Amino acid sequence: MKKKSLGLNAFLNGIRSVLNLLFPLLTFPYVSRILGATGMGKYNFANSIVSYFLMIAALGINTYAVREGARIRDDRKKFSNFASQIFSYNVVSTVVSYVLLFFCLAIFKNLQDYKTAILIFSVQVFFTTIGIEWIYEVYEEYVYITIRSIIFKLISIVLLFLLVRHQNDYLNYAAVTVFSSVGSNVLNFVHSRKICDIRLTLNIDWKKHTGPIFIIFASSIAAQVYVSSDITLLGIFKNDYVVGIYSVSSKIYNIIKNLVQAIVVVTVPRLSMLLGQRHIPEFKALLRRVTDTLALLTIPSTVGVFMLAPQIILIISGKEYLRGVSSLRLLCPALAISVFSWVFAFCILMPLKKERKFLIATIASGVLNIGLNLILIPLMSENGAAITTSLAEILMFGMMVYYCKDTINGIFDWIFWRDILSYLIGSFTIIPICIGVNAIFKSTIVQLLFATAVSVIAYGTVLLLCGNSTLKDALNSLKMRLNK
């Protein structure tokens, strides 16, 4: 099989993630004004109900399938057999999910007012299963995935303005949302025939698949509880205003974290394949590149968010949310290290089939997060929630390093640490730049754009002066491409 370019895959997956973030950001102002608070409330409530059943149907299948499938992707017959088993397993979990959903609709009478919207959103469960997107991740088909995503996002925007025009059109909005997220999944299933021969089968190795799938599922649930506990406990101890303030801070934090992760998630199938085929030197070399690239992006991004927090919040949410500046800044330590925990979890522990270790670390971090929230939220409101998130991420990172110490031994040489030092020095230049720009310009947008542009130039210049190996390799590669 011809290897795909990891750089191109990272770029394309980054574009796809940006699109997934931009779609709701572009449509929300229009939709919220058309539907009003009541319509948006019905939409969000129905969507939240179905999200639980989506999780049940998905289990931990996607992560498990990418890990195991990448090891055998060069053998079409073996992979087809594996894919058929996993797809059939997913069909069973989907049927169970629908049975539970219909049972809840029948039992809980207060869901009847939302029944139609819930049923529309529930279509996602079926289409996500037949979408078998994990196959495209295994084979690193990010060109196909990205082009498909762009097309369906554009169609969805047109449908949105055509079909959502009145206050009672929240059902139309639900349908457009479903079409945007899973409308292309029928094409996925048909197109998959070019990659493998997938079919329903009763010959499923339940014993082999169930253990790791459910451990990954348990980790997902623990992570979801861990992520949601801040908002939940703020709602219990404080009020809607405080929840709204922290929601903006945490949303910005998650957007930046997810964008950085999207750039490196494309390496997971390649790392799993290298481990499965026992190419350990190549595995360690790629892991070093991934970690180095993450550091290059994450360290300056963290400093930039800390310095430009007021401008970011003003542009995204407005003056009434400026109280969230402090909580956003307190989340910056979590931003700086959480992506590295993610690399250790999904690029090392998962390929090594040590998902139990990840589950233990997730539960420990979740317990710490919830325990500290109970103490700090009553005292410090949203700032307490931000502090607990950062402390929990520090614990997660420490446990990840401990569990991965044998694997990472010898990977990070003096050149790596020299590069890390250059990232730190370059990031410190962002501080005076942001202070100077804020003093010179009054426009919030100009401050953000100008500070970002100058910081990028200064950061890159420092890396060049420090002889950063990652930047030098990138420039040499670009020169070679231009000379061809």
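# Briefing on a predicted helical model

Asn 373 is buried, with a relative accessibility of 0%, and its place is in helix H16. A search of the whole structure finds 15 aromatic pairs, and ring pairs join Tyr 64, Phe 79, Phe 82 and Tyr 139 into a cluster.

**Asn 373 and its contacts**

- Once neighbours within four places in sequence are left aside, Asn 373 is in contact with Ser 229, Asp 230, Leu 233, Pro 378, Gly 384, Ala 385 and Thr 388.
- Asn 373 counts as buried because its relative accessibility is 0%, where the cut-off for buried is under 20% relative accessible area.

**Tyr 89 and Trp 206**

- Tyr 89 lies in helix H3, and with a relative accessible area of 5% Tyr 89 is buried.
- Leaving aside neighbours within four places in sequence, Tyr 89 is in contact with Leu 59, Ile 61, Ile 204, Trp 206, His 209, Thr 210, Ile 213 and Phe 214.
- Trp 206 is found in helix H9, where it is partly exposed, with a relative accessible area of 39%.
- Not counting residues up to four places away in sequence, Trp 206 touches Tyr 89 and Val 92.
- Although Trp 206 and Tyr 89 are 117 residues apart along the chain, their C-alpha atoms are separated by 8.3 Å.
- For Tyr 89 and Ile 435, which are 346 residues apart along the chain, the separation of the C-alpha atoms is 56 Å.

**Aromatic pairs**

- Among the 15 aromatic pairs in the whole structure is that of Tyr 64 and Phe 82, whose ring centres are 6.4 Å apart and whose planes stand at 50 degrees, so the pair is tilted.
- This pair links distant parts of the chain, since Tyr 64 belongs to helix H2 (residues 61–71) and Phe 82 to helix H3 (residues 76–107), 18 residues apart.
- Both partners are buried, Tyr 64 with a relative accessibility of 2% and Phe 82 with a relative accessible area of 6%.
- In the pair of Phe 214 and Phe 217, the ring centres are 6.3 Å apart and the planes are at 90 degrees, so the pair is edge-to-face.
- Phe 214 and Phe 217 both lie in helix H9 (residues 206–237), where three residues, about one turn of the helix, separate one from the other.
- Phe 214 is partly exposed at 40% relative accessibility, whereas Phe 217 is buried, with a relative accessible area of 14%.

**Charges over rings**

- Arg 329 lies over the face of Phe 306, at 5.1 Å from the ring centre.
- Lys 405 is placed over the face of Tyr 402, and here the distance from the ring centre is 4.0 Å.

**Packing of helices H17 and H18**

- Two packed helices are described by the angle between their axes together with the distance between those axes.
- Helix H17 (residues 414–428) packs with helix H18 (residues 430–440) at an angle of about 15 degrees, and the axes are 4 Å apart.
- That angle makes H17 roughly parallel to H18, because angles under 35 degrees count as roughly parallel.
- In this contact, Gly 426, Ser 427 and Phe 428 of H17 meet Ile 430, Ile 431 and Pro 432 of H18.
- The residues of the contact of H17 with H18 divide into four nonpolar and two polar, with no charged residue among them.

**Positive phi angles**

- Lys 353 has a positive phi of about 60 degrees although it is not a glycine, and it lies in the loop between helix H15 (332–349) and helix H16 (355–408).
- With a relative accessible area of 46%, Lys 353 is partly exposed.
- Ser 381, which is also a residue other than glycine, has a positive phi near 55 degrees, and its place is in helix H16.
- Ser 381 is buried, with a relative accessible area of 12%.

Notes: Residues numbered from 1 in each chain as written. Predicted model: local features only at pLDDT ≥ 70, side-chain atom pairs only at ≥ 80, totals over all residues. Heavy atoms only, no water. Axes fitted to C-alpha atoms, helices over the stretch in contact; angles between N-to-C directions. Helix = DSSP H or I, 4+ residues; strand = E, 2+ residues; numbered from the N terminus. Parallel < 35°, antiparallel > 145°, perpendicular 65-115°, else oblique. Contact = heavy atoms within 4.5 Å. Nonpolar A, V, L, I, M, F, W, Y, C, P; charged D, E, K, R; others polar. Buried < 20%, exposed > 50% of the residue type's maximum accessible area, 1.4 Å probe, protein only. Phe/Tyr/Trp six-rings, centres within 6.5 Å; stacked < 30°, edge-to-face > 60°. Lys NZ or Arg CZ within 6 Å of the ring centre and 35° of its normal.
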